[in-house]
Amino acid sequence: MSIYTEEINNISDKSREALFQFAEASDSKAEETAYSNYSYWRSTWQSFLKNRLAVFLLVVVCLIVAFTILQPYLPQQNSPTEIYLDDQTGLQARNVAPNAEFWFGTNSIGQDLWSRIWAGTRTSLLIGCVVALVEAVVGITIGTLWGFSRKLEVPITQLYNVVDNIPTTIVLILMSYILRPSISTIIIAMCITGWVEMARFIRNQIVILRDREYNLASKCLGTPDYRIIIKNLLPYLISVIMLRMSLAIPFAIGAEVFLTYIGLGLPISEPSLGNLINEGRVLMMSPDLRYQLIFPSIVLSIITIAFYIIGNSFADAADPKNHV
């Protein structure tokens with residue numbers, strides 16, 4: 001030990017200053033050490049982008065939605081409700097095969113099928129999006145109260161039993177008979193019972209999560225119930241909510257097609273995918289007129305499959321269990 005002591009004593013003061021520096025405490029440096037730039041939504045989006053098929057279908061859906069909105073304002077577009085006449089005969093241009101003037105042909109009364117398909121897609125997407133949004137808001141609100149509040153459990157359970165035992169088809173048929181067939185009638189009919197499945201699923205998930213230790217600790221510390229719901233419970237259900245909403249859109253479109261099939265859908269003057277498919281179904285056995293069923297069915301299939309795959313992929317990406 002004496003050898004090391006002598007060597008240290010022989011070191012000059014300047015050498016000591018070069019070897020040793022005083023450490024100073026800094027609050028700003030301490031905050032930077034604890035900082036994390038993690039973002040849940042950025043992580044979700046990055047995970048979603050890894051699924052190339054879902055990304056491709058998302059682009060396709062965005063293009064379809066954008067085109068349905070812009071299509072009436074593009075040049076050389078025909079009216080979806082106007083009946084066109086044959087220049088040579090002066091009669092209605094009925095069942096004209098696809099050509100340079102009518103890209104998807106015409107229907108049995110001389111209306112342009114190209115314009116009617118995009119107008120019908122616009123109508124069906126409007127119905128699907130509004131129904132999905134209403135079902136999500138009502139279903140999440142009622143399901144959360146149903147699962148979190150023990151006082152509301154009995155009355156909401158009775159309400160659920162009443163609404164759930166009414167067949168959706170009966171509600172759709174009765175509303176179509178009572179009210180004038182229109183877009184608002186179909187939306188109201190679908191929303192009357194559409195929230196039930198969402199509310200039941202949210203309630204079951206809330207019951208599983210509400211009595212966990214961190215929620216009990218938050219309640220003991222005096223955290224308001226609404227903050228526990230918003231901060232502790234609903235973030236775990238984002239993936240499920242997104243999946244349910246994405247599936248509600250094609251379901252609503254399919255319900256509109258079903259109502260039209262049984263004769264209770266939108267009036268013929270209102271283009272929709274349901275009306276177009278129902279008109280094409282009558283001509284399905286005629287090979288020359290089968291295009292009137294094929295074109296709207298392709299658009300409907302693309303939208304339905306795309307929303308299903310996008311919803312599943314986004315639900316997996318948004319699942320908190322997949323985030324670290």
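Predicted model: local features only at pLDDT ≥ 70, side-chain atom pairs only at ≥ 80, totals over all residues.
The UniProt annotation "transmembrane region", from an unreviewed entry, covers residues 53–74, 125–147, 159–179, 185–202 and 289–311. Residues are numbered from 1 along each chain as its sequence is written, and side-chain values use heavy atoms, with hydrogens and water left out.

Let's look at two of those spans. Residues 159–179 are 81% helix and 0% strand, with end C-alpha atoms 24 Å apart. For residues 289–311 the end C-alpha atoms lie 35 Å apart, and the span is 91% helix and 0% strand. Helices here are DSSP runs of H or I with at least four residues, strands are E runs of at least two, and both are numbered from the N terminus.

Now, the surface. Val162, Ile166, Ile170, Leu174, Tyr177, Ile178, Leu179, Ile188 and Ile192 make a nonpolar patch of about 850 Å². Patch residues have over 30% relative accessible area and no salt bridge, and nonpolar side chains (Val, Leu, Ile, Met, Phe, Trp, Tyr) are joined within 5 Å, like charges within 9 Å. The areas come from the Shrake-Rupley method with a 1.4 Å probe, and for residues only the protein chains shown count as cover. Which helix gives the largest share of the patch? That is α8, with four residues. Ile178 sits in α8 and is exposed at 65% relative accessibility; exposed means over 50%, buried under 20%, and partly exposed in between.

On to charges. There are five salt bridges, each a side-chain nitrogen of Lys or Arg within 4 Å of a carboxyl oxygen of Asp or Glu. One of them pairs Arg203 with Glu153, with the closest N and O atoms 2.9 Å apart. Arg203 is in helix α9 and Glu153 in helix α7, so this pair ties together parts 50 residues apart in sequence. Another joins Glu197 to Arg200, at 2.6 Å between the closest N and O atoms. Both of these residues lie in α9, three residues apart, about one turn of the helix.

Cys220 is exposed at 70% relative accessible area, while Cys62 is partly exposed at 45%.

Terms used. Buried < 20%, exposed > 50% of the residue type's maximum accessible area, 1.4 Å probe, protein only. UniProt positions renumbered as here; feature names shortened; annotations may be inferred.
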